[in-house]
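Have the structure open as you read, and take the points in order.

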Amino acid sequence: MSMSFNGYFNGRRIILDERKLSNEYVPVKLPHRRTQIEETLSILQDVYRGQKKILRTVIYSGPSGTGKTAVARSIGKEIKEKSDQGKMPPILVSYINAHEYRTKFQVLRKLGNDSGLDIPRRGFSSEELTQYVLNFIDRRGHNLIIILDEADIIAKLGDGNDLLYVFSRLNEILPEIRMGVGLIVIFRQLEESLEYLDKAVVSSLSARVVRFDPYTSSQLEDILWSRIQADKAIKEEAVSEEIISMIADTVGYVPETKTGLGDARISLKILYYAALKAEEEGKDVILPEHVRYVMNKGVLPSYIDEEMIEKLSLHEKLILLAVTELLLAEKEKAYVNMGTVVLQYEDVCNRFGEKPLKYTRVWETVQMLKKLGFIDARIGRSTYRGKTTLISIPNASENSEVGINRIPLSVLEKILRDSISRELNARQRGEKPPQE
Ligand SMILES: Nc1ncnc2c1ncn2[C@@H]1O[C@H](COP(=O)(O)OP(=O)(O)OP(=O)(O)O)[C@@H](O)[C@H]1O
């Protein structure tokens, strides 16, 4: 995508502060990460309270966008601030991303730079550098917290064993050093990465693992709203609940089916790009169509293409077309209720001269389309109830709503109409038997 976080836009309508939507920004609040924060603080407390000759290690493990970096950085920031204000003993907090600093030498050099040392690129062996840097920090009476992010990379690159061995056995390797050390080592794929490391390293590292699970859609809603309300990254009036639900539902993790990315970074990106798109069109609010546009542009892996639509059954296509038409007619809505979908579907069938399926079959087809990733379905909120009584519907589906979050509707509508016509023509010519 050509849009970027650096892009400057004159006369902003929606975005208040672009930096607050970037990856580096540490947000004011981290909803749904209290447990991880408290656990880390309790493991590291002896270190930030100034105890000497100790090592405390925490491992973070979890998939992309689950807040590992954000939690570690915000803890580091808070500890550093308290220490700077004299409320805690002196401490050096060093954040090292192994994506950027990939060898033991580079990591130690970064640590040295963070402690105020100017270290040449050459002239030291990494052993000498270890001694030099750690002795320097120790002599200043500081304790040390190291956040080693993207440790998977360093584990796999061969040098990782050495580095993690040194970090986890500091007091043995450098017995003259008195400082207390806290280590937060962040892995995206812990189990896989540990296989690259020696047993000795693993045993000293695997003490405490703090897990970060993918976010559910309701957790993502809180995270998105927090970025709008607490951080003031985006004008609140420009965003509706509908838009936030739409993004959160698309990205949210569903524990029952183990599907969905649960990635806060992707959800924030969609919000950001949708805001840019709305601004580009001169709008004061973000509409569902802007969100769809962004998703189609490839923030999400694009699972859906014309070929997949072609492979759907005739009535799957007819139902999908009904949902699409409804959403196109009501641009401000991201979801429509099942009752309305059924009526629209019957109308679509009439237009194509096709006999509609019975309600329960329609419902099953909607579920199938959901599993295939074409549509999103959710239980409607009570505020929508007035609209869900169009039809008396049995069981759980009564309050259901469906939406299409991943595909731009106008494109989808055309593809579906063409595909349905083709199929019906082929059937008339006797090339294809009816499916139902
Ligand atoms: N609980 C949360 N509250 C607010 N923002 C969050 C939360 N969790 C994650 N974020 C935001 O989502 C983005 C991605 O989070 P973060 O970088 O911490 O993920 P990560 O788990 O470290 O991912 P990766 O493994 O890809 O580095 C960041 O912009 C971060 O600020």
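1. What percentage of the residues in the protein is buried? Keep in mind that this is a predicted model. Of its 436 residues, 42% are buried.

2. For the overall fold, you can look for 18 helices and eight strands. Take the contacts between residues at least 6 apart in sequence: 74% of them join residues at least 24 apart.

3. Next, the ligand. There are 21 residues around it, and those that come nearest are Gly67, Lys68, Thr69, Ala70 and Ala264.

4. The shell has nine polar residues, eight nonpolar and four charged.

5. Which domains supply the shell around the ligand? Domain 1 (18–22 + 215–299) gives at least three residues, and domain 2 (34–211) also gives at least three.

6. Three strands form an open sheet in the order β6-β8-β7, and their pairing is antiparallel. The edges are β6 (336–337) and β7 (376–379), each of which pairs on one side only.

7. For a closer look, start with β6 and β8, the latter covering residues 400–403. These two strands run antiparallel and are joined by two bridges. Here valine 336 stands opposite valine 402 of β8. As background, strands of a sheet pair through backbone hydrogen bonds, in either a parallel or an antiparallel way.

Definitions and conventions. Residues are numbered from 1 along each chain as its sequence is written. This is a predicted model: local features need pLDDT of at least 70, side-chain atom pairs count only at pLDDT 80 or more; totals for chains, interfaces and linings use all residues. Helices (H or I, at least four residues) and strands (E, at least two) are DSSP runs, numbered from the N terminus. A residue is buried if 20 or more other C-beta atoms lie within 10 Å of its own, exposed if 12 or fewer, and partly exposed in between; C-beta atoms are placed from the backbone. Two residues are in contact if their C-beta atoms, placed from the backbone, lie within 7 Å. A residue is near a molecule or strand if its C-beta atom, placed from the backbone, lies within 6 Å of it. Ala, Val, Leu, Ile, Met, Phe, Trp, Tyr, Cys and Pro count as nonpolar, Asp, Glu, Lys and Arg as charged, and the others, Gly among them, as polar. Domain bounds come from an automatic or database domain assignment. Two strands pair if DSSP finds at least two bridges between them.
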